[in-house]
Amino acid sequence: MTQPVTQPVGVENLPVRRGLLRPVLRNPLAIGALAVLSVIVLASLLAPLIAPHSPTSLRLDQINAGPGDGYLLGGDGAGRDIFSRLLYAGRNTLLGAAIALSVALALGVLSGLLSGYYGGFLDGIFGWGANLLMALPTMIVLLALFQALGSSIYLSMVAFGVMLSPGFYRLVRGQVMAVKHELYVDAARVSGLSDPRIIGRHILLVVRAPVVIQASVVAGIAIVVQSGLEFLGLGDPATPTWGGMLQDAFTNIYTSPIAIWWPGMTIALTVASLVLLGNAIRDVIQRTTSSSTRLPKPQPVVALPPVLDDRESALLRIRNLSVGYPSGAEVVHGVDLDVRRGEVLGLVGESGSGKTQTAFSVLGLLPPGGTLLGSSSIQFDGAELARLPENERRVLRGRRIGYIPQEPMSNLDPCFRVGQQLVEPLRAVAGLSKRAAIAEALSLLERVGIPEPRRTFAAYPHEISGGMAQRVLIAGAVSGKPDLLIADEPTTALDVTVQADVLELLRDLQTEFGMAMLLVTHNFGVVADICDRVAVMQDGRIVETGDVRPLFADPRHPYTKSLLESTLEDSTPRTRLEVNHA
Amino acid sequence: MIGFVGRRLMACAVLVVMIAVVTFLLAFSATGNVARNLLGENATADQLAAKNAELGLDQPLLAQLGSWAGHALRGDLGISWFTNEPVSQAIANRLPVTLSMVVLAVACTALISVCLGVAAAVRGGWLDRSIQVLSVLGFALPNFWVALVLVVFFSVSLGVLPATGYVRLSESPGGWASALVLPVASLVIGSTASAAQQVRGAVIDVLRQDFVRTLRARGLSPRSVLFRHALRNAASPALTVLSLQFIALLGGAVVIEKVFAIPGLGTLTINAALQGDVPVLMGVVVTLVVLVVIVNLAIDVVSGWVNPKVRVR
């Protein structure tokens, strides 16, 4: 929940964003690609005006001639001007690509919209058709249909467009499924807008950007495939095309090897510009999204003076911990925290307050890009973790510091049986033999209250329930008999009925092993249940620390008060609260 | 697992039948000029009618389809209209040539793209950036043009590798290998560029998953997390990429065969397409679709074996 805010956004979940054109035009890569494309398209369109020669006029002295002497790029196998033919060929090749793209767009986007919006029977039919088309070896099928379609390459490109449509279909369908139940679409439906208008106004807007990106790729594919067909001789020999020119160059490859370069480079340049333009648009979208999701600049938070325990007995001493990300976001600002041996410390705060980042810092497992800033210090049992090399730090993980994650299902490797995931660390970390590790894993599973340890041991993660999975993860966390257990919202993702059992298990294990525990939670109920002390975190800072009972009885910081009040009202404070900082 | 394979097999059979029927109807609907092409401009109307009757083209389209399907089920794909060679035999002679090219290309693509993709995902930096650039290049350069450039460089200029021809493995393994170097290389350059990019994406996706952090929190080394867990999880998307590359390479091989004058399925198809030899084209399409379906099925089974969660879907 407290992931950094700079996660890249895939093409699949691009949000609605108006005015895409302007930021794209500020991207140098996009400008370059657009410029090259415009030159190629314009030169092709204006071929009759700018071409120095007719594409069909022959000069016998220029057969396979090198550049110069009236022909800018030399002559082809029949003595025609290569440069003029390149220009004229651009019209035919680009037209073919445009045809394939239009057909693919029309079919794919329409079927994707219908499929995603209405689902059901229609979705089944379209999905099946898409799978069918995707299994086709396109080149072979186009060759096989060549006679049926006649010698016009444009009909082949229509057929190719049909074969390309599943790409758009899948993209659009996925996007529509994702936004279909967004509130603003529901609102539009409730307010009586007709389906076509909802699709047109709200949904098309969402799919627009990814479709443009995909279109740039598809146009490139169409150019390459069309050129391939013409290279094989499937085309009208009377019309110049880039593929046809390559065929001519291939026939004369021994006498004039240079001639393969001109059409080849033109194709490569055109296709590369298309792909780069698509990439640039994607980059721009990702950047605008990630910058807009960045948290608003936090108000300065007034923290109460921390109650610190400067005796040497603290197992974990965090001083002045700050965590930053390359985007410039600082998510934790100078946190001081102590966890004594055998005590349970609750770290409380709402989403985005930095408590999970603090926990990951102790483990040394911050998400990519996350770094400790300045004079951050994390002392564990007297050793300074912040400056410990990774391989020495790893020795502590599992053996001396255990970790219980929040989401049980996503924290088990779906490819491995539950038992293997317990056995592997036991062997690697504790150095047990295979047999001993299996016995130990089974007894751990039994200890955490799994009714049939052998069955769960042999099950895959998707075959067990969330509550069972969380018990498995707890078993894994305590398997190295750690001194410190870091539990990140260990009950949040579980059913209410299971939550109490898991908390009780944690408390039992904690007393049994005499572990210290850093419990990250947003829930004061959990804190009251299990914690000795509590630290309240807001906007990356600790605002109040104290023993649980006094703090519950007399919260001094306004933020703690409002958190407590919202808990008493039985609503979990998962959203940002408006607190008067003054 | 058996139920999973059974369901897939059924879907595959339906797919093959659908494609065969659609291709047949399209291809056989345009056979009006075949008799004239075969008999020449001077043939009389009677001769044309007789030829059409001989080829069965005077029958209704659906009757032709029924007769073709009946024979095809027994492995008889008809007889070429132009060479009178049985289609099954023509395909059986040429398929090994094309397959040896494509299988080699897929194997090289898999090996190189997994190494590059994993390295780019883990290391980042310049390697990562060069793979991004290479993937654009690999996409933008048509493989037949790459083949032409290779021919110009290695055969015309340097003269170290043969520009054309094919030698059977049984005749001379050395000759077979040197005849395949350039064709396979021109296929591999493009497919590796795009596959490496996708392997990189798949590995990065897996490394971001929660369970990777949890495994590391248990004290496992990054090496064991990467090679045991991340690679196994990235295997099913990577296998899907490879199966798509296989289909693409089959198509690519057609054009490449033309450049290197390799007597494979591609050359057979191109000649048949230019002549309008519909039985040969039907045979090739059906054979390749069956091949693609078998490969996809095999990939599905391997995916299900590597990642049991896939089986449930």
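Trainee: Contact here means C-beta atoms, placed from the backbone, within 7 Å. Which residues of H4(A) and H10(A) meet?

Mentor: This is a predicted model, with local features needing pLDDT of at least 70 and side-chain atom pairs pLDDT 80 or more, while totals for chains, interfaces and linings use all residues. Residues are numbered from 1 along each chain as written, and chains are lettered from A and ligands numbered from 1 in written order. On the H4(A) side, the residues include Gly96(A), Ala100(A), Ala104(A) and Tyr117(A). Their partners in H10(A) include Ile203(A), Ala215(A), Ala222(A) and Gln226(A).

Trainee: What's the make-up of that contact, nonpolar, polar or charged?

Mentor: 16 nonpolar, 4 polar and no charged. Nonpolar is Ala, Val, Leu, Ile, Met, Phe, Trp, Tyr, Cys and Pro; charged is Asp, Glu, Lys and Arg; the others, Gly among them, are polar.

Trainee: Switching to the two chains. How many residues touch?

Mentor: 61 of chain B contact 59 of chain A.

Trainee: Which helix of chain B gives the most?

Mentor: H10(B), with 11 residues. Helices H1 (2–28), H6 (125–140) and H12 (278–306) of chain B are among those supplying at least two. Helices are DSSP runs (H or I, at least four residues), numbered from the N terminus.

Trainee: Last one. Where is Asn42(B), and is Asn42(B) buried or exposed?

Mentor: Asn42(B) lies in the loop between H2 (34–39) and H3 (45–55) of chain B. Asn42(B) is exposed because it has 7 C-beta neighbours inside 10 Å.

How values were computed. Contact = placed C-beta atoms within 7 Å. Buried ≥ 20, exposed ≤ 12 C-beta atoms within 10 Å, placed from the backbone.
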